[in-house]
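Biologist: Could you take me through this model? I would like to ask about it piece by piece.

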Amino acid sequence: MDELTITRPDDWHLHLRDADALEAVIADTAARFGRAIVMPNLKPPVTSVADALAYRERILAALAARVGEGPGADFQPLMTLYLTGQTSTADIEAVAASSGKVVAVKLYPAGATTNSEAGVTALDPLDEVFTAMARCGVPLLVHGESTDPSVDVFDRESSFIAGSLDRLRERHAALKIVLEHITTAEAVAWVREAGPNTAATITAHHLLHNRNAIFQGGLRSDFYCLPVLKRERHRQALVSAATSGDPRFFLGTDSAPHPRSAKHSACGCAGIYTAHAAIELYAEVFEEAGALDRLEGFASHHGPDFYGLPRNAGTLTLTRSAWTVAEALPFGGEVLTPLRAGEQVRWKISVS
Ligand code: NCD
Ligand code: ZN
């Protein structure tokens, strides 16, 4: 197969940042995806519907500035609220009343990742909030990692599932939960054993790479993200979940841009930028697995079906044609290093 046309895909987990950084990255996502779930981990975090709607306006302004009337002009940001110990049932009702502009709430265990300091330290005190979310049909998006410093970095996802998520799902069976950017066979199993209210996003980088990438010939901070890449058997479990056709697994890039200076430093920060070639990279994974015919379900159908949204009307065509990724991309007065910098990607896109 040298050409594949699919329903226009969506990105169900994306970091767009703000201000100049937002302007620098927005066109990459809009060129490929009809919609994206925009993560709320700004500084300060997006904790109210008013904050989320204001952020949405900034995204639409950046889109107009960068894309104009061109392809991707109809891109729609789907906003999320950052869950804190102060989130109330009134906040959830405001989400439900936002006419589809704010669609979900994101749970960051405090300290688990970039800008998560204001996150949640205990789940039980938020019981009423979770009940309100279930009642209003608002999904909970979870960064599923333990923050206990004594837990091995590579075990933090499985530890959080066993230590917190099992109990949350038992207490709130009607709550829609998306375990974000899953990285382990345990997470795949946790989704598979559940009913239709549990789902997971999977990134391109966790499908393409195992943890050896971080140590290939030296310490490579460009491959450092959270949750951190895992061993090969876990990568294989993710590929098998993504390509299985199971509607509870769908595309979420977790494209997370950082300036190169912040990545290439003595304490490099977590996040991999993939928005410049996102669907193309997934196509490589699905081709390798002999499952290109399942890419459309994973990228374009399962996500909107889970969120209760219509599938996109347009299409995207992937053509087998190699191109070389830039060594660096402009990033608000700095540069960022995109995944595959200076190397080839095997597929090209066009949208209609
Ligand atoms: C994300 C970021 O930089 O905002 N980083 C990452 O490594 N994925 C935060 C996150 O999703 O954990
Ligand atoms: Zn993320």
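Biologist: Which residues of H1 meet which residues of H2?
Modeller: In this predicted model, Leu22, Glu23, Ala24, Ile26, Ala27 and Ala30 of H1 are in contact with Arg58, Ile59, Ala62, Leu63, Ala65, Arg66 and Val67 of H2. By class, that contact has 10 nonpolar, no polar and 3 charged residues.

Biologist: And at what angle do H1 and H2 pack?
Modeller: Helix H1 (residues 19-30) and helix H2 (residues 49-67) pack at about 75°, and their axes are 9 Å apart. Angles of 65 to 115 degrees count as roughly perpendicular, and H1 and H2 are therefore roughly perpendicular to each other.

Biologist: What about Ala19, is it buried or exposed?
Modeller: Ala19 is exposed, because its relative accessible area is 54% and exposed means over 50%. Ala19 belongs to helix H1, and it has a positive phi of about 55° although it is not a glycine.

Biologist: Where is Arg17, and what is its phi?
Modeller: Arg17 lies in the loop between S2 and H1. Its phi is near 60°, a positive value in a residue other than glycine. Arg17 is buried, with a relative accessible area of 14%.

Biologist: Changing topic: which residues coordinate the zinc ion (ligand 2)?
Modeller: The zinc ion (ligand 2) is coordinated by His13 (NE2), His15 (NE2) and Asp254 (OD), at 2.0 Å. Along the chain, the donors follow the spacing H-x1-H-x238-D.

Biologist: Where do His15 and Asp254 sit in the chain?
Modeller: His15 is in the loop between strand S2 (11-14) and H1, while Asp254 is in the loop between strand S9 (249-251) and helix H9 (260-263). The pair is 239 residues apart and links distant parts of the chain. Both His15 and Asp254 are buried.

Biologist: What are the angles at the site of the zinc ion (ligand 2)?
Modeller: The angles among its 4 donor atoms run from 91 to 141°, and the site is irregular. Four donors count as tetrahedral if all angles lie between 85 and 135 degrees.

Biologist: Now Thr274: where is it, and is it buried or exposed?
Modeller: Thr274 is in the loop between H9 and H10. Thr274 is buried, with a relative accessible area of 0%. Apart from neighbours within four places in sequence, Thr274 is in contact with His205, Thr253, Ser255, Leu281 and Leu339.

Biologist: How do H10 and H11 cross?
Modeller: The axes of helix H10 (residues 278-288) and helix H11 (residues 295-307) come within 9 Å and cross at roughly 140°. Ile279, Tyr282, Ala283 and Phe286 of H10 make the contact with Leu295, Phe298 and Ala299 of H11. Those residues divide into 7 nonpolar, no polar and no charged.

Biologist: And what is the arrangement of H6 and H8?
Modeller: The axes of H6 and helix H8 (residues 232-242) come within 8 Å and cross at roughly 30°. Angles under 35 degrees count as roughly parallel, and H6 and H8 are therefore roughly parallel to each other. The contact involves Ala185, Glu186, Val188 and Arg192 of H6 with Arg233, His234, Ala237, Leu238, Ser240 and Ala241 of H8. By class, there are 5 nonpolar, 2 polar and 3 charged residues.

Methods: Residues are numbered from 1 along each chain as its sequence is written. Chains are lettered from A and ligands numbered from 1 in the order in which they are written. This is a predicted model: local features need pLDDT of at least 70, side-chain atom pairs count only at pLDDT 80 or more; totals for chains, interfaces and linings use all residues. Side-chain values use heavy atoms; hydrogens and water are left out. Axes are lines fitted to C-alpha atoms, for helices over the stretch in contact, and angles run from 0 to 180 degrees between N-to-C directions. Helices (H or I, at least four residues) and strands (E, at least two) are DSSP runs, numbered from the N terminus. Angles under 35 degrees count as roughly parallel, over 145 as roughly antiparallel, 65 to 115 as roughly perpendicular and the rest as oblique. Contact means heavy atoms within 4.5 Å. Ala, Val, Leu, Ile, Met, Phe, Trp, Tyr, Cys and Pro count as nonpolar, Asp, Glu, Lys and Arg as charged, and the others, Gly among them, as polar. Donors are N, O and S atoms within 2.8 Å of the metal (3.2 Å for Na, K and Ca); water is not among the atoms, so sites may look incomplete. Four donors count as tetrahedral if all angles lie between 85 and 135 degrees; four count as square planar and six as octahedral if opposite donors are over 155 degrees apart and all others between 65 and 115; anything else is irregular. Buried means under 20% relative accessible area, exposed over 50%, partly exposed in between (1.4 Å probe, protein chains only).
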